[in-house]
Amino acid sequence: MKTSLEGEKVILVPYMKEHVPKYHTWMQDPAILQATASEPLTLDQEYEMQLSWIQDPLKQTFIVLDRELVVGDFIHGEAHPEAMVGDVNIFMNDLDDPQMAEVEIMIAEQKSRGKGLAKESIQLMMAFAVKNFGIHIFRAKIGESNEASLNLFKKLGFKETSCSEIFKEITLELPITESKSEELHQLISNVVTHS
């Protein structure tokens with residue numbers, strides 16, 4: 001099942017092989033590598049990684065498209081690489097709590113930062129995860145120096161739960177209360193979803 005989610009500012013589409021070349025270009029930027037705690041990969045390794053991500057049942061990845069950059073009409077099932085600005089992911093890999101998901105966001109394109117795309121992308125991803133996977137708590141691990149991300153997650157209601165001196169990162173969590181669940185449900189009900 002290939003799902004895409006259409007919000008007001010963003011469209012979240014599955015990570016497709018057509019996205020890999022642009023994604024690979026982003027991941028050559030030292031600032032992005034540092035912010036995402038990633039290692040540089042070759043293009044072939046990036047294609048392998050894309051395949052592994054879409055096949056892993058404990059991960060969900062969407063490419064973030066900036067609606068303003070989509071050429072022509074958005075067509076579900078098409079990659080629209082011209083509008084790619086980042087990605088949003090969840091990892092459901094906590095063996096003690098399978099209903100806990102770690103969430104990550106990256107807006108790689110400078111021109112698309114500060115426009116509210118990351119906020120909407122995270123909200124859409126959380127709504128999707130609550131509805132489809134029964135997630136009841138979200139966690140984000142963010143580098144201490146990444147003020148923009150820390151502020152964004154705090155605005156979304158995440159609270160700091162720990163700080164790792166070794167990894168220089170802060171862990172924030174957001175439990176999904178009944179009111180938060182209702183808020184996310186409202187959000188997803190206003191979203192056009194394609195499967």
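Buried here means under 20% relative accessible area. The model is predicted. Start by selecting F158. Its relative accessibility is 2%, so F158 counts as buried.

By the ring-centre rule, the count comes to six aromatic pairs. Select F62 and F128, which form one of them: the pair is edge-to-face, 5.3 Å centre to centre, with 80° between the planes. F62 lies in strand 3 (residues 59-66) and F128 in helix 4, so this pair ties together parts that are 66 residues apart in sequence. Are these two residues buried or exposed? F62 has 0% relative accessibility and counts as buried. F128, at 5%, counts as buried as well.

Go back to F153 and F158. Their ring centres are 5.0 Å apart and their planes stand at 90°, so this pair is edge-to-face.

Now select Y15, Y23 and W26. Together they form one aromatic cluster.

Move to W53 and K59. Which part of K59 sits over the ring of W53? The charged end does, 4.5 Å from the ring centre.

Finish with N132. This residue lies in helix 4, which covers residues 117-133. N132 is partly exposed, with a relative accessible area of 39%. Draw a distance from the C-alpha of N132 to that of A31. The two atoms are separated by 33 Å, and the residues are 101 apart along the chain.

Terms used. Residues numbered from 1 in each chain as written. Predicted model: local features only at pLDDT ≥ 70, side-chain atom pairs only at ≥ 80, totals over all residues. Heavy atoms only, no water. Helix = DSSP H or I, 4+ residues; strand = E, 2+ residues; numbered from the N terminus. Buried < 20%, exposed > 50% of the residue type's maximum accessible area, 1.4 Å probe, protein only. Phe/Tyr/Trp six-rings, centres within 6.5 Å; stacked < 30°, edge-to-face > 60°. Lys NZ or Arg CZ within 6 Å of the ring centre and 35° of its normal.
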